Amino acid sequence: MSFFKSIFNILRFNRKNWNAIVLCIFAAMVFWFFNALNKNYTTNINFPLAFDYDHENFVPVRPLPKSVRINVSGIGWNLFRRSAGLKVPALVISLERPADVRKIVGSTLPALFSTQLEEFKINFVISDTLRIAIEPKASRWIHLRLDSPSILFRDGYAITSPVSVVPDSVFIEGPQKLINSLSSQLYLKIPDRNIDENFHDDVEVTFLNNELVKRDPPTVAVSFSVDRMVERDDSISLKVINPPKRAWAFIERKKIPCKVTIPQSALASYHPDSVKAVVDLGNLGRGEKKLFPVLTGLPPYSKVLAVDSIYVKF
């Protein structure tokens, strides 16, 4: 009876008793843990990879493998450190001729890693094949232009000035095949929509395989003026040039109806009388011809929406 009473007294709530019990349990767990780590085990571990090659003259076409899975045997503490990734150095694969290597078979890796994993016994490599894609590095200059037709203006607005691209060229660097396949001229695209005011912003220089191409600079400054376009319907005087020698040309009208759009800022300087509908009769044979006059004298950046045709007889 006294024995059970003693046990009861030990387990009876007492802060000092429970603190001692917890410490004992913790010490026992630590002792068991460290004792277990000193034994030999076999397990699968993902080891980080690093590739040693001439980074100045070669570049990966796609991301290189980042790890390899290996079945190894060793002391539990070493296995735990590797599995937890505690300051684990990467396994290095040296590539003397990187452009010639397309794949590395997993079965060839133990001999390569044996000197780098002296604390382990390599049983076999689980990863089947490492795919490698590295090409010689190339570089060149590419001229930049703005892809004006792709700009999305607000309805009734348009460019009314020359386009400025600064700088107008970019130095690119990347895989040789990709760099050599690129055109000598790149058209920049503006992502903005419904543009209705003067534009001045940095535009990114982008390629189809943007992640593989290093650009210097990666962005350029693009600017141009924007104005509202005003429609005008007018009758323009017809002007004939280069009439055939020793022939009389019959033209049925003296003025030509047309529809044009003119920048709002140029309306004050626009006069229909200063605009001519020019018909060039040079290099035309005899007979009846249908011709479309060319309007001259319009303010800069005006556009012809419609113009009547004329018939000419020789």
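## Exercises on a predicted model

Both Phe 199 and Phe 224 are buried, a term that stands for under 20% relative accessible area with a 1.4 Å probe and protein chains only, whereas exposed is over 50% and partly exposed lies in between. The model is a predicted one, in which local features need pLDDT of at least 70 and side-chain atom pairs count only at pLDDT 80 or more, while totals for chains, interfaces and linings use all residues. Residues are numbered from 1 along each chain as its sequence is written, and side-chain values use heavy atoms, with hydrogens and water left out.

**Exercise 1.** Describe the ring pair formed by Phe 199 and Phe 224.

*Solution.* Start with the total, which is three aromatic pairs in the structure; rings of Phe, Tyr and Trp (its six-membered ring) pair if their centres lie within 6.5 Å, and planes under 30 degrees apart count as stacked, over 60 as edge-to-face and the rest as tilted. Phe 199 and Phe 224 are stacked, with 5.1 Å from centre to centre and 10° between the planes. The pair links distant parts of the chain, since Phe 199 lies in strand β13 and Phe 224 in strand β15, 25 residues apart. Finally, ring pairs join Phe 153, Phe 199 and Phe 224 into a cluster.

**Exercise 2.** Work out the order of the strands in the open sheet that contains β13, and find its edges.

*Solution.* Strands are DSSP runs (E, at least two residues) and helices likewise (H or I, at least four), numbered from the N terminus, and two strands pair if DSSP finds at least two bridges between them. The three strands run in the order β10-β15-β13 with antiparallel pairing. The edges are β10 (164–166) and β13 (199–204), each of which pairs on one side only. Between β13 and β15 (residues 219–224) there are six bridges in the antiparallel sense, and His 200 stands opposite Ser 223 in β15.

**Exercise 3.** Identify the polar partners of the Arg 215 side chain.

*Solution.* First place Arg 215 in strand β14 (residues 214–216). A polar contact is a pair of N or O atoms within 3.5 Å; within protein, one must be able to donate a hydrogen and the other to accept it, and residues adjacent in sequence count only if both atoms are side-chain atoms. The Arg 215 side chain makes such a contact with the side chain of Glu 204 at 3.3 Å, and also reaches the backbone oxygen of Val 205 at 2.7 Å.
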